[in-house]
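Subject: Structure handover

Hello,

Here is the structure I promised to pass on. Please have a look at it first; my notes follow below.

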Amino acid sequence: MIKFSLSLTYCIIIFLGLKSLIGKPKSGKVPPSEITITQFAGPEITPSPACLAVAATGEVFVGVDMIGSLGKDAGKGRVIKLIDKNNDGKMDNHTEFAVVDNPRGIIVQGDKVFVLHTTFSKETGKATGMDLVFFEDKDGDGKADGPSKPLIQNVSNAKYIRERGTDHATNGIRMGIDGWIYIAVGDFGFHDAIDRSGKKLTMLGGGILRVRPDGTEMEVYTHGTRNVYDLAIDPYMNVFTRENTNDGGGWNVRFSHHIQTGEYGYPVLFQNFTDEIIPALVDLGGGSGTGALFMDEPNWPEKYNKVPMMADWGRSMLYIHRVTPDGPTFTQKDEEFIKLPQITDLDVDGSGRLYLSAWDGAGYSGSPGKGYIARVVPNNWTYKAFPNLKKASIKALSAMLVSNSGVGRINASQEFLIRNNKQAISATLKIASDKSLPLYARVAGIFTYAQLSKENGISELTKLTKDNTIREFALKALADRKGYFEQVSSESFLAALKDSSLRVQAAGIIGLNRLGRADAVSALLKTKVPASFVEPVKDTEGPHAKPNSPIILPHLAVQALVNLKATDACLAAVGAENSDLALWALRYMHNKEAVNGLISKYVLSKDAKTKKQILITLSRLYKKEDVYDATWWWGTRPDSHGPYFKAVFWESSPIIEKFIIDEWKKSNVQEKQFFVDLNARNRMEIPALATEEKIAAIEEPKVDLEKIKNQKGQVGKSSIEDVLLAIGKLQGDPLKGKGIFTKQGCITCHSLSRTEKMKGPFMGQIGSIMNREQIAESILKPDASISQGFASVMITAKGDKAYMGFITEETAAKVVLRNIVGEVFTIKASEIILRKEMENSMMPAGLANSLSYEELASLVTFLSQQKQ
């Protein structure tokens with residue numbers, strides 16, 4: 001199963017009997033009179049389609065992935081090019097464009113096709129990582145002219161790809177009007193990724209990476225997401241994602257607006273440090289986000305246009321997210337749009353034809369007989385040929401750059417860049433400066449001009465910052481390319497900090513951060529910290545998926561202050577008007593000057609609140625994150641306590657420890673609890689402040705699973721088909737079903753409430769993910785499909801010890817495993833010799849055998865009502 005299917009929340013996902021919904025969108029969601037859905041290519045040509053991209057001229061490039069997310073054998077992937085010669089909605093021919101393993105993202109631009117895929121060693125046959133490459137087809141024969149050319153190599157963690165497959169690896173790619181390729185990085189992260197200039201980067205966990213189309217200037221755009229699979233980018237460079245769920249941790253799919261330099265917190269800040277992150281815009285419940293697109297085509301109905309469209313594999317649904325501006329970010333309202341079985345990706349061409357790929361039950365490792373491509377067009381759609389841009393005049397290109405077609409604008413922009421002459425520079429500057437044009441057109445002009453003119457355009461872009469309408473985008477363009485920052489003045493960015501527009505203020509802060517100007521520190525420190533900057537109550541998970549617009553600007557300012565190494569300025573601000581922001585930034589400044597300065601401030605301060613905040617900051621600085629070497633990090637249930645994943649001591653740790661213990665000794669009984677709480681919250685593990693953790697014993701019913709499954713009631717004596725037919729006609733009693741959940745041993749492995757200790761697949765929200773038939777099937781055939789994070793794991797450890805169960809907790813130092821009878825084992829990571837996922841579910845088949853139809857119906861109805 002590919003990454004997105006594995007990430008479906010806390011349950012065993014089965015889509016047996018799921019019928020194709022081609023041409024039959026969910027009733028009431030898309031009126032049949034408005035769109036037409038037809039099959040474009042079937043599994044005989046495009047089996048197991050993991051991703052797709054469409055050329056502006058209509059050719060469809062499909063990433064066929066017969067490895068899937070759990071397969072580990074090379075030689076099963078390719079990119080297929082599909083052509084509809086007469087534009088009648090039916091594929092006329094196809095070619096094998098290129099051979100690649102695990103294609104995960106595709107972009108088509110002119111003669112170039114960019115592909116992100118897994119790489120394998122020819123010698124060992126094992127995965128070596130993932131690369132972003134491009135192919136060329138200059139002769140137009142539908143096949144790549146030769147071998148791929150790498151842009152970024154090693155842009156994932158080879159260790160985890162070899163162990164698990166490509167399920168949480170790096171995925172979708174999309175180009176913005178600013179000319180960058182944006183890359184969705186799953187929570188495997190990457191270690192020592194290298195671009196064509198030789199630059200190396202490491203990222204612990206997931207986020208968004210970006211790179212220039214020539215493979216240079218690679219940089220992290222945002223950090224702290226889990227399993228982001230793809231991204232949608234609007235005409236104003238707002239980036240949106242529908243991220244995958246966290247298996248077993250009680251966290252769901254999230255829809256996020258990504259703001260450059262933002263920290264989104266997964267997993268170490270998600271529970272206890274949510275005051276420090278940019279939260280997602282909404283928690284969407286169970287599911288599994290996959291492909292994404294910002295629809296911006298003029299021949300689409302208005303109500304389905306100019307919106308992020310986000311695929312959800314787990315829910316087999318294409319969603320629309322209607323976003324509403326909220327200061328520097330947005331709020332959103334999501335709605336179902338098109339039902340498609342296990343939808344993986346989507347893209348649109350220059351004529352407005354939307355193409356969707358459906359995994360359609362192809363399984364964990366791909367299937368030669370499952371998967372297809374669908375075409376969707378408005379009913380009043382008529383084909384309009386996309387022009388040959390190579391032959392277009394500057395006037396024609398200019399008209400396309402200001403058109404109301406997103407596909408048209410980005411392709412015109414790229415053609416301008418290819419020409420790279422005085423006429424192109426003059427034309428794009430004229431568009432950027434024309435106040436009569438729509439904002440999206442001027443934005444396209446600004447970013448195209450900036451790319452063409454480079455440092456020679458700084459003067460004109462600076463002038464454009466005086467224009468209220470496009471100030472935000474002129475600032476972004478000025479601070480976009482690091483190669484000529486020394487020639488860019490700070491003046492416009494400093495002025496932006498006082499602008500009436502919060503979006504302009506955000507652009508100013510981000511720009512000053514990128515420019516690296518020390519003269520900006522005092523201005524940045526004036527950013528106000530809102531009342532919503534509040535740490536979660538002890539033992540209470542913080543709001544990591546609730547819009548918090550007021551936190552954006554101070555969050556960005558803190559990121560800038562840390563990047564600017566503004567230790568002295570932040571220390572000077574402690575106890576003054578801007579103390580809150582300064583202390584927030586100092587939490588991340590692991591240097592001796594910060595520690596010694598904070599202790600001095602504490603001694604001199606007479607303000608109790610300031611002294612308390614200094615202690616909080618010092619306790620955060622006591623340890624720091626270890627240098628990531630790619631040998632540790634990932635797990636289906638990662639340690640989410642925070643503030644670090646693998647915390648280590650550093651040179652100032654002894655100084656901090658001595659100071660905190662001295663202050664603890666001076667405190668009274670009530671004050672001592674504050675230090676104890678700091679010790680626990682920040683995992684300082686100072687023995688003097690430790691308290692014995694008391695865990696209430698949980699009395700769980702002793703259930704003999706073997707005895708249960710050997711009993712033959714009405715269910716055990718019938719075929720699955722007959723049982724499902726009966727369950728479809730019987731409603732059952734949910735109250736009785738609750739009792740059966742305990743009696744049949746379900747409670748041994750499954751939690752129903754987030755307040756319970758997580759065991760196996762979380763059932764507290766299964767009703768929001770699966771219908772009654774699917775729930776019944778998962779009970780009757782538990783091996784048919786196993787949710788990621790809940791596969792049985794076999795661990796061999798030192799001392800000739802062996803364990804089998806599912807992982808309930810994992811840190812850099814230990815693994816906590818629970819077996820089928822509820823026994824819990826804690827295994828040190830250093831003692832693990834071998835760890836292997838089993839192909840079969842721990843849930844034995846036949847647990848419902850002793851039930852009557854009515855009893856099983858009651859259990860299914862009870863579970864279908866669990867929608868936390």
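**What I found**

Tyr628, Trp632, Trp633 and Phe645 form one aromatic cluster. Rings of Phe, Tyr and Trp (its six-membered ring) pair if their centres lie within 6.5 Å; planes under 30 degrees apart count as stacked, over 60 as edge-to-face and the rest as tilted.

Some ground rules. This is a predicted model, where local features need pLDDT of at least 70 and side-chain atom pairs count only at pLDDT 80 or more, while totals for chains, interfaces and linings use all residues. Residues are numbered from 1 along each chain as its sequence is written, and side-chain values use heavy atoms, with hydrogens and water left out.

**Overall**

The protein has 24 helices and 33 strands. Helices (H or I, at least four residues) and strands (E, at least two) are DSSP runs, numbered from the N terminus. Of its 868 residues, 61% count as buried. Buried means under 20% relative accessible area, exposed over 50%, and partly exposed in between (1.4 Å probe, protein chains only). Among contacts with a separation of 6 or more, 66% join residues 24 or more positions apart. A contact means heavy atoms within 4.5 Å.

**More on the rings**

The structure holds 24 aromatic pairs. One of them is stacked: Phe533 and Trp584, at 4.3 Å centre to centre and 25° between the planes. This pair links distant parts of the chain, 51 residues apart. Phe533 is in the loop between helix H11 (521-524) and helix H12 (552-563), and Trp584 is in helix H14 (residues 579-586). Phe533 counts as buried because its relative accessibility is 17%. Trp584 also counts as buried, at 2%.

The cut-offs: NZ of Lys or CZ of Arg within 6 Å of the ring centre and within 35 degrees of the ring normal. Arg212 lies over the face of Trp180, 4.8 Å from the ring centre. The charged end of Lys611 sits over the ring of Tyr602, 3.8 Å from its centre.

**A covered helix**

Helix H8 (residues 471-478) is mostly covered, with 7 of its 8 residues buried. Among them are Arg471, Glu472 and Phe473. Their cover includes helices H6 (439-453), H7 (458-464), H9 (491-496) and H10 (502-515).

**An enclosed strand**

Strand E25 (residues 354-358) has 5 of 5 residues buried, so the rest of the structure largely encloses it. Both faces are covered: Leu354, Leu356 and Ala358 lie on one side, Tyr355 and Ser357 on the other. Strand E24 (residues 343-348) pairs with E25 in the antiparallel sense over 5 bridges. Two strands pair if DSSP finds at least two bridges between them. Val348 has Leu354 as its bridge partner in E25. The hairpin of E24 and E25 has 5 residues between the strands, and Gly352 there takes a positive phi near 90°. E25 also pairs with strand E26 (residues 372-378), antiparallel over 5 bridges. There, Tyr355 has Arg375 as its bridge partner.

**An open sheet**

Four strands form an open antiparallel sheet in the order E10-E11-E14-E15. E10 (170-175) and E15 (219-225) stand at the edges with a single partner strand each, so one side of each lacks a neighbour in the sheet. Inside the sheet, E11 (residues 181-185) and E14 (residues 206-211) pair over 5 bridges. Val185 has Gly207 as its bridge partner in E14.

Best wishes
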